[in-house]
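Colleague: Could you take me through one part of this model in detail, namely the place where the two chains meet? I would like the criteria spelled out along with the values.

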Amino acid sequence: MKPASFSYHKPGSVSAALALLAQFGEEGKIIAGGQSLVPSMNFRLARPETLIDINHIAEIQGVSDQGDHLEIGAVTRHATFHHPVSPCPLGRMLTKVVANIAHYPIRQRGTFGGSLSHADPASEWCLVAVTMGAEMEIHGPAGARRVPAAQFFRGTFTTAVGRDELLARIRLPKLPEGWGTGFYEFSRRKGDFALAMALAALKVEGGTIRAARLGLGAVGAHPQRLEALEAELTGQPATPQTFAAIGARAQTMVTPSGDIHGSAEYRRELAATVIARALTRAAEDAA
Amino acid sequence: MTENAPNLIGQSVARIEDPELLTGKGTFAADFNRAGQIHMRVLRSPVAFGRLGGIDTAEARALPGVIAVWTAEDIADLPQIDFRMTKVQGLGPYRQWCLARDYVRYVGDPIAVVFAETAFLAEDACDLIFPEIGELDPQLDPLDDPSPYMPETMPGVLSEPAVLRKGSGDVEAVFAHAAEVVELELSVGRHSGIPLETRGALGVYDRDSDTITMYGAAKVPHYNRGAIADMLRLPVERVHLSEGHVGGGFGPRGELYPEDVLVCYACRRLGRPVKWIEDRREHFLSTNHSRDQHYRLKAAIDERGVIQALDAEFFTDQGAYVRTHGATVSDLAAALLPGPYLIPAYRVAGHIRLTNKTPCGTYRAPGRYESSFARERLIDAIAARKGLDPFEIRARNLIPEDRIPFDRGIDALGTHVVYDSGKYHDLLARLRAALDWDALSARVAARRAEGERIGLGIGYFVEKSGLGPDDKVRLHFYPDGLICIVTGVANIGQGVETAMAQICGGTLGLPMAGISILHGQTRLIDEGRGAFATRVTVMTGSAVKLASEALLDQALDLAAGRFGLPREELRYRAGRIWHEGGASVTLCELAAEYGGEDGLVAEGIFRSDHMTYPYGIHFAQVKLDPGTGGVQIERYMVAFDVGRAINPMLVEGQITGAVAQGIGGALYEEFVYDAAGQPLVTSFADYLMPTAMEIPPIETLIREDAPSPLNPLGVKGAGEGGITAAGAAIASAVEDAIGRPGVVDRLPLTPERVAGWLRG
Ligand SMILES: Cc1cc2nc3c(=O)[nH]c(=O)nc-3n(C[C@H](O)[C@H](O)[C@H](O)COP(=O)(O)OP(=O)(O)OC[C@H]3O[C@@H](n4cnc5c(N)ncnc54)[C@H](O)[C@@H]3O)c2cc1C
């Protein structure tokens, strides 16, 4: 569990990082928090010849409030969200979610952009991105482009970011005041990657759901937004029966794959549970 | 003759080991370094079973910084690794070589070994070794018929090295007239003790004295010293083992493995210090696994639910080779399966089966964690059939006090199984009272009525401890009042230094501050049995008591001579000997006058042919989440009679740590293989040890109601009872919450399995 040898570069700007990516081509690899990349290098599953360390690039650090959305620099640490970065429902929701990502020390190093680029099917930030309709700002040799979350995730561990590109910023649209949010995940132990997780946001008036956002993660190749179910929720009473029924519907819409911690069939059942519970929490939050 | 200050024995004094550890001054295997050292790396088989052909090492040897690359041919003079303790015959052919010959038998089997200037280079070089392996179909299920072990080179040798048979009473006759028969089939998953410190060793060769010293030893330094010397064909004085701090033992750590031998062999042959530190992936592939047993139980019961006969068969999947533990796990499982119950007729056949997985050895409560799970499942099944509560069914089957000492009529580890002391019913009643069982049951019923899935369960166990045959310590008393106890015991983190200092201080009426314990150094004492089988406090502790008494004896003789007074008229208290007439002398003064450079020296040797048998009960209260199958342990208690608690805080620590591991095996930890024999669990991402978040506060009911008559302290070991019935109690509680008797038949209780049982 010692990595193969590599060379190391520490660019100070996005353009310098892009130049290094261009220079080293297939051999170059970005390292952010290193919490996923370093373990796989130690197992020699990844053998990059050149590491391009983006931790020192000031322009892609931190969170800024842009009025209708939050702009998150790619190397913003998970721990930044331990306290709400904004008093709006989105800011509070990110704080609920972050507590489920790994463990405290890992959250001090791991980055928002690293999670999205790594695209683990059980990544909480990836679930947030698809459910909230995030937009990714990708920089490459041809300049910057923006890719909506729906087109960003291509499969397990694969995204729209090309080998010669870098994810610079993520824009998360805010939720209007009055929306409630709920997150629920099930993992074998506290801090483990989820076996299933769901994120819900509801606007509830007089006990009736007026608008909904719903996403499901860790069940399938990448997190997905369940727009059909969002539509079904709208107009329904915010009751346990509704949420259970939506959970049951979700079971029929997902195609999980199994691993040693849970078979496909079991994850399908978990999907129903986490969806119903996330919706319940969102309704409580909205009340 | 002697009257002492308040006795240290029995007090919860703080561990004397802690200051060094807590201030970062510990010296673990990886902390040993020598100028000029080189690093060893083992290339391991990527396949589960295959015929080993040529191994191309040319590229690896050509890599700059690589000093040597060896395969089995290069170390042809090294024999197989022998057994440390087993009386079972016929296991010899199944011993592991230091590097695989002819066949590889598990993913992780050492194929070649590289020595290089850095650990990084050594790992790079391993990537450049190309073995030819003709893959074969692995045997993965121990219940399948035994298959050829190494088909071409050892024709006729099958993968069942031994079947252990034990029994007493006429089982057939009882079954012929049985009122009812209860049958169960159960299994316990493959998991193991996982020390946070991986294995490691530094081998240093001194050319002038032709002596090898291995740093990083653990558990059984003296035995391993002898075994390594034998394998290297050196006189035993030319090999020394030295123990530093040890980051957890639990059974696997400290046994003799191929790497230990290779480090010692290589430092002499290459003439440079050789360091090897196991990485975590290697650890999961190569350090002993454990558990993995399958039981078939058949009990004849009477109308009251009392077991009249037990006919048992089990299969232990011991992996690829028979390692140092030989048949220990199966032997103990067979011997202690009947546990605390009378069971007048008993018969067992324990099949040791080899498969193409990592070899297995002992893990805390070997054979008892498994057999307690199986037996207590059986007891629960009988209770369900008879409509009895968990306390009543056990009360009806327990061995009554007037039958103790109880001779089971069978043996374990070559000793006769005689439960030396015990008040089994009494402890059951105490647990019931401590839990306020009726009120607790009522509360649970009320919560169930509200729809919660709550369950209660208990598991009764009998442990064994204090394995002989003997233990020796040497005690030095110096003129400045310092005491040094030299012992061949090992410290695997269990608090041995504290306990030994307490026994010495308590016996001599002296404070602990001046007492130090030197252990795990073969240079300092010529024999020692080490730390395993919960033997240290019983065996070494008794030897320390005897040595302390011998010192006093010697001092009284010296004082009598000095005063010219009869010895019987002398009195001793807290380091001073005096006579009513006014004569007085301290131990320090005697040491200055009569002791040489080594001070006053006394030896204590304690011998024992019988083990002592502590016993206890685990209780678990669980809550199930029907939406996920998740199990939450709401409450956990262990009632445990240890005969005498030298240090109740240490006992509590042992229980708490052991329960945590027991919960791991019951709910989280499992080595899983795919159909090709590839291990799917090779990191902590998949091997789920419970963390502080998963472990509830552990309540303990430590009792000293049945001291052991077999040693001067009355003590029984407390190292393992905290884990023994954990799987049993949790399974019982989970089944109670599910509400369908008989469904919970295997560990671990993963959420998916629990969800399946809940669904029905
Ligand atoms: C024990 C443990 C538990 C964990 N549990 C969880 C969990 O429950 N949930 C969870 O979501 N994560 C979990 N993680 C992963 C953790 O959150 C990682 O931090 C995260 O997945 C990757 O972020 P990073 O900054 O560490 O990226 P790195 O490890 O540095 O990089 C990961 C990959 O992304 C690429 N990359 C990184 N940044 C960029 C960028 N800006 N542009 C383009 N490519 C980039 C790298 O080249 C690499 O391929 C866990 C990790 C550990 C060690």
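Modeller: Contact here means heavy atoms within 4.5 Å. By that criterion the interface takes 23 residues from chain A and 35 residues from chain B. Before going further, please note that this is a predicted model, in which local features need pLDDT of at least 70 and side-chain atom pairs count only at pLDDT 80 or more, while totals for chains, interfaces and linings use all residues. Residues are numbered from 1 along each chain as its sequence is written, chains are lettered from A and ligands numbered from 1 in the order in which they are written, and side-chain values use heavy atoms, with hydrogens and water left out.

Between them, chain A and chain B bury about 2,300 Å², of which 57% is on carbon and sulfur atoms; buried area is the accessible area, taken with a 1.4 Å probe, that two parts lose on being put together, summed over both. On the chain A side, 30% of the area buried against chain B is supplied by A:Met1, A:Arg188 and A:Arg189, which is more than any other three residues supply.

One salt bridge joins the side chains of A:Arg277 and B:Asp625, at 2.6 Å from N to O.

As for secondary structure, strand S11 (179–186) and helix H10 (264–286) of chain A each supply at least two residues of the side that touches chain B; helices (H or I, at least four residues) and strands (E, at least two) are DSSP runs, numbered from the N terminus. The largest share of that side of chain A, 5 residues, comes from H10(A). By class, the side of chain A that touches chain B divides into 9 nonpolar, 5 polar and 9 charged residues, where Ala, Val, Leu, Ile, Met, Phe, Trp, Tyr, Cys and Pro count as nonpolar, Asp, Glu, Lys and Arg as charged, and the others, Gly among them, as polar.

Terms used: Salt bridge = Lys/Arg side-chain N within 4 Å of Asp/Glu carboxyl O.
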